[in-house]
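Let's take a walk through this structure together. Have the sequence and the 3D view open as you read.

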Amino acid sequence: MNATKRKPKAAAAERSLPLQLLADMLRIRRLEEKCAELYGAQKIRGFLHLYIGEEACATGATHALAADDNVVATYREHGHALLRGVPMDTIMAEMFGKAAGCSRGRGGSMHLFDAARRFYGGNAIVGGGLPLAVGLALADRMQGIRRVTACFFGEGAMAEGAFHEGMNLAALWRLPVLFLCENNLYAMGTALMRSESQTDLCVKAASYKVPTLRADGMDVLAVNEAVRKAAAEVREGAGPFFVELQTYRFRAHSMFDPELYRDKVEVEAWKERGPIHNFSAKLKAAGELTEEAFLALDAEAEAEVAHAVAFAEAAGWEPVADLLRHVTSGEAQR
Amino acid sequence: MRISYREAMRLALREALESDPRVFLMGEDVGRYGGTYAVSKGFYDEFGPERIRDTPLSELGFVGAGIGAALGGMRPVVEIMTVNFSLLALDQIVNSAALLHHMSGGQVSVPLVIRMATGAGRQLAAQHSHSLENWYAHIPGLRVLAPATIVDARGMLAPALADPDPVVIFEHAQLYNMEDELPDDWSCDIERAAIRRPGSQASIIAYGGSVPKALDAADALARDGIDVEVVDLRVLRPLDVATIAESVGRTHRAVVVDEGWRSGSLAAEVVARIVEHCFYELDAPPARVCSEEVPIPYAKHMEDAALPQVPKIVAAAREVLNV
Amino acid sequence: MFDFMLPSLGADMDEGKLIEWKVKPGDAVRKGQVVAIVDTSKAAVDVEIWQDGTVFELLVEPGETIPVGTALATLLGPGESPPEKGTPRRGAAAGGAAGETARLRISPAARKRAEALGVALADLKGTGPGGAVTLADVEAAAAKAGARTPPELPKGPAAATDKAAEMRRAIAAAMSRSKREIPHYYLLETIPMARAQQWLAQANEGRPITERLLMAVLQLKAVALALAKFPEMNGFFRDGGFEAVKAAHIGVAISLRQGGLIAPALHDVADKPLDRLMRELTDLVKRTRAGSLRSSEMSDPTITVTNLGEQGVESVMGVIYPPQVALVGFGRLAPRPWIDGDALVAMPAVTASLAADHRVSDGHRGALFLAELRERLQQPQDL
């Protein structure tokens, strides 16, 4: 079975932006629901951080970027990788640890990479991606390439030195970095209130003289609009931009998390604002979406997931004899 | 041409900047100040602020930026003023530079060179006197170099920049003023250890700032009729076991000199390799001359006592030779 | 607490493989008790212990190959109580710290070179750090012995599994060492055996075949008795000096069906009656060929007697088995022309030979020894 991008290009092109945003949110949701199921079935192991509830952020943001832009993401990056064009088949194979995975099974859930699509990975050290994004943007600037480097991170990263150092360098050197903070209110189990003296994240970013925007991260159109605006400024050479996307994860931090730190009532309240649910309701109300059309999009997403699972199941393991490969580019073991 | 180690480094950097537009130098005070050790003095005016890039005191940030720039197609040379401050950047060096190639299944490479001064001996006290080469030599994905001669100072940068993977270069601060003749052919590899002085009775194995001390010890021993070999490791990762084993296999005795602390040191690794590879050639237990297990003190006499010194190396050689 | 160490069961043995423990922790053992079976290059040998005590801990597992001198077990002396937990176990570590009884301090390189040069480790004096034997010590010892470097003996798994090849190697090492280190001299004496033969025929008359005496037993006893007057033929040359041994433990050369030979000890030959010696000799030959010798039988011989008469040879000029200092050989017992007074008669006779170590004895004493042997064999009733 070949890894294929299941999304028919023609259909995508014909679809309106709102419908495509919905379709992509559904793709992420169905992919991750299947991941949770497969984790229980022990097909996927290690850490598995699900994005369920936050899909509007990656979806709205990636649709505001150009195909050639750099993306640096976190360990909760399945959706970002998928929407940047990494085939769901190879994402799933990666989570299975198969050689056909997008990182040859060496990375797993937290380290999805696609060099050709300028997707510089799942970085699993909180804040670790920010300096990398600064450097990617620096390289583009020094080579005269007009390109935006989008860097996703959570609000937890804003307590790290890497955030401050990265923001400062990007602002000091006026580099084309688009800082996209997905504020889901909890750094693992520590609420924003309990970890930051300044809980207004835009104020923190603004202290580096970086322009900021705040958007409702549960509203895919709002995200798309904010990021579009920010990306345009960055691309124009105005230096970095900071966008806070206020969102919420519906599931635990990882599959190991018993969720002792937040109230079920709070979770349920946020679920009322579920990005897929609300957005599809809005489209239906506006007459842009029928229930049949929604079910068709959902079935398309489910089919893509089914194909990805079959692909991952059928894929082979990298031979243990290859263990020492991919340590250095020359393949020689150091 | 007789030049200093500092001048050799300067020549290498200038050549790199002149020959490849992707190369740029970044670090604290590399520009207007001219480099803490004056290696890049004058470059700011010559190559401009874009390519001789002063950074804020943000080791984690600018090392990470160097890694990102390498990912983005540049050939950055990042100068961390000293190994002591590299601890602030350790996350980026270990978790990003060394791992990205592997985590991406071989898709991306990080062609980055990180230079840093290392070592003690100038009464800079505990926080500015570290020798932590072994920390970096522990990490798969990095290449770690320790130029100890004028030729290596001149010659190692070019192959390091040509390496598609991250290379960490340790320049011992005590070596910058060292002078020697630079031969016409100063090209060198970054693969193999070098025998700096052939000998027959024991192998003294050292690197970086300990190499001149090992050579002085060999001179002292020679005056007493004891003929020892001096091996300069040069490449701390991957270790050139073949050269080490060949030397010790011939001399049957080894003294390893390392300015790092003994416990968990590179010297420990070298001794382990010797035992693994030439156990049946050993005629005496290998000896180590390392720093004493104490933070490096400020007072001169105490600092001297804490570090490997020529008399200690001589004594260790005599001990393994039982003479 | 004391260690029970793997004894050297012959000059050619420097390691052994533990086959089986005959005791377990807590067992009381008596001096002379067989406590383990060890496979040497030659045979599976019952290893005896030479002190009374109680087994405290077994340090080596069956199947392990260990060098001579390795502690196999620790034992408590009579009346000694077990140590507190955590007391460091003596002798387990092969280092100098364990004291005088620890294994030889020798560098790996020196050990390897000694093996290549055929230098016996036990004979080496160390001048290295802590008295360790170094390469230089081995080379000096080899040079002193005038050693030519023998070709490297075949090694490796294939050779090691081949018992015959292993024994060949062991014999090669011991005999090479003998010829390298021991200045042999040789003497021959033809001994009339008419009286002995006559006496033997009488003695065997009426005995069932299984209880009949062989001439070989008379010869052994005669050698043992002769030795009493020539202590310089009986004992060991070790560490540059000769140690005479009072008891005559005669190593009897026994060829093996699969090739090779072993010369285990027949103990206290001078003190035992012929009947008993005959029984013991029969048993020794049987056990040697079955591969179940006792450790003392391997290490105790003070002299070796070889008898190749049955193979029809006239006489045998033997190679001394180090660290012994003499070897007596007997050829074929057959009638020979003999001048008896003025008459030429057919006389049953045997040619006895002596190979002896010139460092310990001279030809004059050797000749007197052979004369004594001849006289002893003329008085068979006194044997």
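This is a predicted model: local features need pLDDT of at least 70, side-chain atom pairs count only at pLDDT 80 or more; totals for chains, interfaces and linings use all residues.

For the complex, the predictor reports an ipTM of 0.91 and a pTM of 0.68. Chain C has an average pLDDT of 83, and 90% of its residues score at least 70.

Now for where the chains meet. Between chains A and B, 34 residues from chain A and 38 residues from chain B take part in the contact. On the chain A side, strand 2 (119-123), helix 6 (129-142) and helix 7 (161-172) each give two or more residues. Helix 6 of chain A gives the most, with ten residues. By type, the side of chain A that touches chain B splits into 16 nonpolar, 13 polar and five charged residues.

Chain B has contacts with chain C too: nine residues of chain C are in contact with nine residues of chain B. On the chain C side, helix 1 (residues 108-117) gives the most, with four residues. That side of chain C is made up of five nonpolar residues, three polar ones and one charged one.

What about the inside? In soluble globular proteins, nonpolar side chains tend to be buried together. Here, the largest nonpolar core has 212 residues, and those touching the most other members are A:C151, A:L178, A:L180, B:L145, B:I204, B:V255 and B:A317. Take A:L180 as an example: leaving out residues up to four places away in sequence, A:L180 touches A:A61, A:A150, A:C151, A:F152, A:V227, A:V243 and A:L245. Apart from this core there is another one, of 79 residues, including C:V55, C:L225, C:Y321 and C:A352.

Finally, how is chain C put together? Chain C contains nine helices and 20 strands. Of its 383 residues, 39% count as buried. Look at the contacts in chain C with a separation of 6 or more, and 63% of them are between residues 24 or more positions apart.

Key. Residues are numbered from 1 along each chain as its sequence is written. Chains are lettered from A and ligands numbered from 1 in the order in which they are written. Two residues are in contact if their C-beta atoms, placed from the backbone, lie within 7 Å. Ala, Val, Leu, Ile, Met, Phe, Trp, Tyr, Cys and Pro count as nonpolar, Asp, Glu, Lys and Arg as charged, and the others, Gly among them, as polar. A nonpolar core is a set of buried Ala, Val, Leu, Ile, Met, Phe, Trp, Tyr and Cys residues joined through C-beta atoms within 7 Å. A residue is buried if 20 or more other C-beta atoms lie within 10 Å of its own, exposed if 12 or fewer, and partly exposed in between; C-beta atoms are placed from the backbone. pLDDT is the predictor's confidence in each residue, from 0 to 100.
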